[in-house]
Amino acid sequence: MSDTKFVDENSLIGIAASFWQQYSTKTPQKLKIMDAFSLYCFILVIIQLFYCTLVGDFPRNSFLSGIFAAAGAMIINICLRKQLNPETKYMEISNERAFWEYLAAMIVLFLTVINFLG
Amino acid sequence: MIKFLILILGIVFAGTPYNQKKVLVLSDNPAVYVSHSQFFNLLSKTYRVDYKNIQSNTFNLQLFGEWQYDHLVLFSTTNDLKVSIQELLDFYDSGRNILLLGSTDQSKYFRKFLNSFGLDMHEYGSSVIDYFNNIKGNHNIVTTTNVNILKVDKPVAHQGAGLAMTPYETFQVYGLVRGSETAFSGSNLSHNIIYVGATQGRNNARFVSTGSWEILSDEYLNNSNLGNFELTQEIIRWGFGQSKILKAENLIHRRLDSDDIKPYNYRLREDCYFSIDIFEWDYQKDQWIPYVSTENDVILEFVMLDPYYRVPLKKGQGAKYELSFKIPDVYGVFQFKINYLKPGYTFLKIAEKITVRPFRHDEYGRYLVQAYPYYFSSFGTMAGFVVFLIAFLLNK
């Protein structure tokens, strides 16, 4: 390849820079939106864990349901992303079917969370 | 008609000597009936007394499994009793009271009998000597004012041997009349010498023993400077179960804000109200009167393996002792326990079981401020999901 490289490939910053460059050019728009949602859920999990170490997990049910809402949403999102990417697809299911399964999983998750929220 | 006659007879005989309790007096020496005549007068006023000789065969403590007498007065002798010690102890275990008048030359039988009650007699031939508190300079006749539990105002005279006990009083064994500070007997010093000792068993039967006969004999009872007459009255009353008898009844526990008595179960952190009536028997008025404890010392324990509360009950109206408190944050099977072991009074041991349940599914707190981040994150993911769907589906 004859792309000019301004950063040293072998250092940590080099790896991060080249990753970011590949990511922003190669991935389609839809997958980027899904990644954004996953990142948002992950940040929510981090915030809740931080709050829990500060104050303690007193209403245990509420703590569990908050964490599971965010973490579960993130995981289900990642599963759909794997299905939609032709390189990482793991079952012979069409994209629409994958999306309906995604919706069903999210609805079940949110019902459980609301019931357990207490 | 027959029923009516029986009713009339019952009413007539209710107050007569046929209803009184029977006391058996056993002694070896007929001279006792002369020298202790006042004592027997006092006994006969409230009891039916049977006088028997210790060695005779004409009395049975027990006949076909039923005890024939309610109380027992024993004058100790140098010989053994026809009745075995075990039968006397069974008599005591059945709740009946015994008064033992000892003497320094009593036989081993009586010394062993005394030992079963936590008391011990001084050695053969010993007698208590006091050079300061005595009568007419005769240092063998000693007086003391150290009287517990019984109410005696004047000094009490004693002649003869004393009893011994552990130096401190337990909740069961006490020294009713103890030696004055300057008394001694052989190697025993004043704080160890007991003239009249008592034991109250766990079944509330009372055993009183004196160190010598003479403490209840006429020559001291007739002396109005001494307190022996009052002591005799008090010994008869206390020893035979007429004074300082307590009774607890009417135990109520309920939630503080409701009127259902003894609900099926309580919940954590509820307010609970407990009350109990304690009565004391008044022998003068022949009825139960409310018991007044001076030191606020009827203590209620709220126990599940360990006491969670141990609080004195407050005196309410009449005979009521009551308390309201908050059930702790623990669920399980608890007991209300009262263990009232005041020296001289009958033991009050009460236990009442309740259950405390945890919160029901819908009794927990809702919308706690502490849980706001979790509420926000749950609904936040759902909102984010909706936003994501819109962005995803409308994207080209």
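## Accessibility and the model

A residue counts as exposed when its relative accessible area is over 50%, as buried when that area is under 20%, and as partly exposed in between. The structure described here is a predicted model.

By this rule B:R310 is exposed, because its relative accessible area is 54%. B:E301 has a relative accessibility of 18%, and therefore counts as buried. These two residues form a salt bridge, in which the closest N and O atoms are 2.9 Å apart.

## Further salt bridges in chain B

A second pair consists of B:E363 and B:R357, whose side chains meet in a salt bridge with an N to O distance of 3.1 Å. The relative accessible area of B:R357 is 19%, so B:R357 is buried. B:E363, at 24% relative accessibility, is classed as partly exposed.

Salt bridges also link B:E295, B:D297 and B:K342 in a network.

## Salt bridges in the whole structure

Over all chains, the search of the whole structure finds 13 salt bridges. One of them joins A:D35 and A:R81, with the closest N and O atoms 2.6 Å apart. A:D35 belongs to helix α2 of chain A (residues 29–55), whereas A:R81 belongs to helix α3 of that chain (residues 60–84), so the pair ties together parts that are 46 residues apart in sequence.

## The interface of chain B and chain A

How many residues of chain B are in contact with chain A? There are 22 of them, and they are in contact with 33 residues of chain A. The size of an interface is often expressed as the accessible area that is lost when the parts come together. For chain B and chain A, the area buried between them is about 2,400 Å², and 77% of it lies on carbon and sulfur atoms. On the side of chain B that touches chain A, the residues divide by class into 13 nonpolar, eight polar and one charged.

Three residue pairs between chain B and chain A are in polar contact, counting pairs with both residues at pLDDT 80 or more.

## An annotated segment of chain B

An unreviewed UniProt entry gives the annotation "transmembrane region" to residues 374–394 of chain B. In the model, the chain over residues 374–394 of chain B is 95% helix and 0% strand. The end C-alpha atoms of this segment are 30 Å apart.

Definitions and conventions
Residues are numbered from 1 along each chain as its sequence is written. Chains are lettered from A and ligands numbered from 1 in the order in which they are written. This is a predicted model: local features need pLDDT of at least 70, side-chain atom pairs count only at pLDDT 80 or more; totals for chains, interfaces and linings use all residues. Side-chain values use heavy atoms; hydrogens and water are left out. Contact means heavy atoms within 4.5 Å. Buried area is the accessible area (1.4 Å probe) that two parts lose on being put together, summed over both. A polar contact is a pair of N or O atoms within 3.5 Å; within protein, one must be able to donate a hydrogen and the other to accept it, and residues adjacent in sequence count only if both atoms are side-chain atoms. Ala, Val, Leu, Ile, Met, Phe, Trp, Tyr, Cys and Pro count as nonpolar, Asp, Glu, Lys and Arg as charged, and the others, Gly among them, as polar. UniProt positions are given in the numbering used here, feature names are shortened, and annotations may be inferred rather than shown by experiment. Helices (H or I, at least four residues) and strands (E, at least two) are DSSP runs, numbered from the N terminus. A salt bridge is a side-chain nitrogen of Lys or Arg within 4 Å of a carboxyl oxygen of Asp or Glu. Buried means under 20% relative accessible area, exposed over 50%, partly exposed in between (1.4 Å probe, protein chains only).
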